[in-house]
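Trainee: Could you walk me through reading a fold, one feature at a time?

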Amino acid sequence: MEKTTKTEAISPCYPFPNTEQLPRRTDWQALMALLLGVAAMGIPYPSAAQAEQPESGTLAGAVDPVEVTFEHPSEYLLVSDFPGSLIDADLSTWQEYIPDIQDIEITSSADESSQPALYYNSGSDEEKPLLMVLHSWSIGYLQNIDIPLGEFAVANDWVFIHPDFRGQNDGRPESTASELVISDMEDALEYARENANIDESRIYLLGYSGGAMNALHFASRHPETFAGVAAWVPVYDLVTWYQWNAERGEPYADEITGACGGVPTEDSEAREECAQRSVSAHLPEVAGELRVLLAHGINDNTVPPEQALHAFNDLAAEEDQIPQEQIDQLMEHREVPEALAERSTHEERNFKYFDEADASVQLYLQSGPAELVLFEGEHEMLYRPGLEWLARQQR
């Protein structure tokens with residue numbers, strides 16, 4: 001299959017310009033970060049004085065002469081654009097796009113089982129960022145829609161790992177955010193650290209749908225590890241998502257009951273189990289500590305956007321939270337309520353990669369290191385903006 005290579009020269013103000021997520025540093029630290037960032041195809045950091053400048057639709061204090069180039073070798077902009085279906089999975093397709101991808105086995109530290117993963121490392125001696133991508137709900141580690149993410153890592157000399165963590169969420173108790181799943185993700189991260197020269201300040205986590213659920217789970221357990229977490233259309237609360245699917249007769253409801261040991265009715269053991277397997281039980285504990293991008297299609301009927309809105313509320317300062325009344329209005333009409341739209345700053349910002357994918361941004365909110373984007377779309381992930389956002393994060 002013939003593929004085109006597209007190289008974008010990215011100005012430092014794109015795509016989610018803000019300064020609140022950036023650590024305050026002394027001027028000499030900022031200079032060192034700038035030099036290291038350019039050497040590793042990273043993003044320059046403002047000085048402490050620059051970081052205090054007010055936002056004006058661009059990254060306040062960014063160093064204007066510096067442009068950082070990232071390669072986006074994939075021609076596909078959206079998950080739904082990638083050939084095949086969301087559940088297509090085979091190693092030969094990965095090898096067609098990424099010939100040097102490795103199909104590896106990692107011994108579980110929890111039960112000594114062998115857990116597969118896809119892995120790439122160029123072998124260079126330089127410190128490199130790590131991109132850890134987690135497969136979605138109904139498929140395992142060979143999920144083909146994640147190939148463009150791996151291509152980005154290869155093109156920009158990042159380390160890439162794509163673990164299985166007990167495979168698809170098909171109702172087995174060991175799946176669906178179990179402690180074994182968490183342990184498997186920890187093992188995959190440790191494998192990458194042991195086998196590649198990882199820049200510990202640039203470890204990134206990305207997931208879509210059920211993968212976003214597990215990304216938020218994993219990061220909530222290790223907030224000190226990740227420079228950034230990009231979560232696309234995340235499942236946030238299993239109890240309410242069960243209810244959403246049960247009302248619609250969707251198979252996800254049966255998969256949740258299988259994993260949690262029964263229907264999560266009020267005061268039941270299954271409900272308690274589902275609650276503990278939900279990101280909502282853990283993410284609020286790391287509010288303010290974790291850089292998170294929550295991105296959700298406003299017309300999503302697979303995982304409703306209220307899941308991302310509640311995740312944002314649990315990460316946001318009290319004064320930045322979205323009132324439940326406005327969430328209800330958004331869900332009823334699938335439009336941003338006027339009172340909420342007045343708070344959004346999306347019209348002041350550059351969302352080039354959303355626009356080129358015909359997924360215009362309808363809402364952008366930020367509270368500390370947490371960012372929320374609602375875009376025109378359904379159960380969708382856009383490849384480029386999430387990768388660009390991650391590349392600009394550094395611990």
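Trainee: Let's begin with bridge partners. In strand 6, which residue is the bridge partner of Leu 118?

Mentor: The general idea comes before the case. Strands of a sheet pair through backbone hydrogen bonds, either parallel or antiparallel. In this predicted model, Leu 118 has His 162 of strand 6 as its bridge partner. Strand 4 and strand 6 run antiparallel, joined by four bridges.

Trainee: How many bridges pair strand 3 with strand 4, and in which sense?

Mentor: Six bridges, in the antiparallel sense. The two strands form a hairpin with six residues between them. Glu 112 in that hairpin has a positive phi near 65°.

Trainee: How many residues of strand 4 are buried?

Mentor: Six of the seven, so the strand is mostly covered, with buried meaning under 20% relative accessible area.

Trainee: How does strand 10 run relative to strand 11?

Mentor: Antiparallel, with six bridges joining strand 10 to strand 11 (370-375). Val 361 has Phe 375 as its bridge partner in strand 11. The hairpin has two residues between its strands, and Gly 368 in the turn has a positive phi of about 60°.

Trainee: In which sense do strand 7 and strand 8 pair?

Mentor: In the parallel sense, over five bridges, between strand 7 (198-208) and strand 8 (228-232). Tyr 204 stands opposite Gly 228 of strand 8.

Trainee: Next, helix pairs. At what angle do helix 5 and helix 6 pack?

Mentor: Take the angle and the axis separation together. Helix 5 (179-195) and helix 6 (210-221) pack at about 75°, with their axes 10 Å apart. The pair is therefore roughly perpendicular, a label that covers 65 to 115 degrees.

Trainee: Which residues meet there?

Mentor: Helix 5 brings Glu 179, Val 181, Ile 182, Met 185, Glu 186 and Leu 189. Helix 6 brings Asn 214, His 217, Phe 218 and Arg 221. By class, this contact has five nonpolar, two polar and three charged residues.
An α-helix has 3.6 residues a turn, so residues three or four places apart point the same way.

Trainee: How do helix 7 and helix 8 cross?

Mentor: Their axes come within 7 Å and cross at roughly 140°. Helix 7 and helix 8 are therefore oblique to each other. The crossing is left-handed. Leu 238, Trp 241, Tyr 242, Asn 245 and Ala 246 of helix 7 meet Tyr 252, Ala 253, Ile 256 and Thr 257 of helix 8. By class, that contact has seven nonpolar, two polar and no charged residues.

Trainee: Which residues of helix 8 are buried?

Mentor: In helix 8 (251-260), they are Ala 253, Glu 255, Ile 256, Thr 257, Ala 259 and Cys 260. These buried residues pack against helix 7 (238-248) and helix 9 (269-276). Just after helix 8, Gly 261 takes a positive phi of about 85°.

Trainee: What is phi of Phe 165, a residue other than glycine?

Mentor: Phi of Phe 165 is positive, near 35°. Phe 165 is in the loop between strand 6 (159-163) and helix 5. Phe 165 counts as buried because its relative accessibility is 3%. Ala 177 is in the loop between strand 6 and helix 5. Its phi is positive too, near 60°. At 3% relative accessibility, Ala 177 counts as buried.

Definitions and conventions
Residues numbered from 1 in each chain as written. Predicted model: local features only at pLDDT ≥ 70, side-chain atom pairs only at ≥ 80, totals over all residues. Heavy atoms only, no water. Axes fitted to C-alpha atoms, helices over the stretch in contact; angles between N-to-C directions. Parallel < 35°, antiparallel > 145°, perpendicular 65-115°, else oblique. Contact = heavy atoms within 4.5 Å. Nonpolar A, V, L, I, M, F, W, Y, C, P; charged D, E, K, R; others polar. Buried < 20%, exposed > 50% of the residue type's maximum accessible area, 1.4 Å probe, protein only. Left-handed = near helix turned anticlockwise from the far one by under 90°. Pairing = 2+ DSSP bridges.
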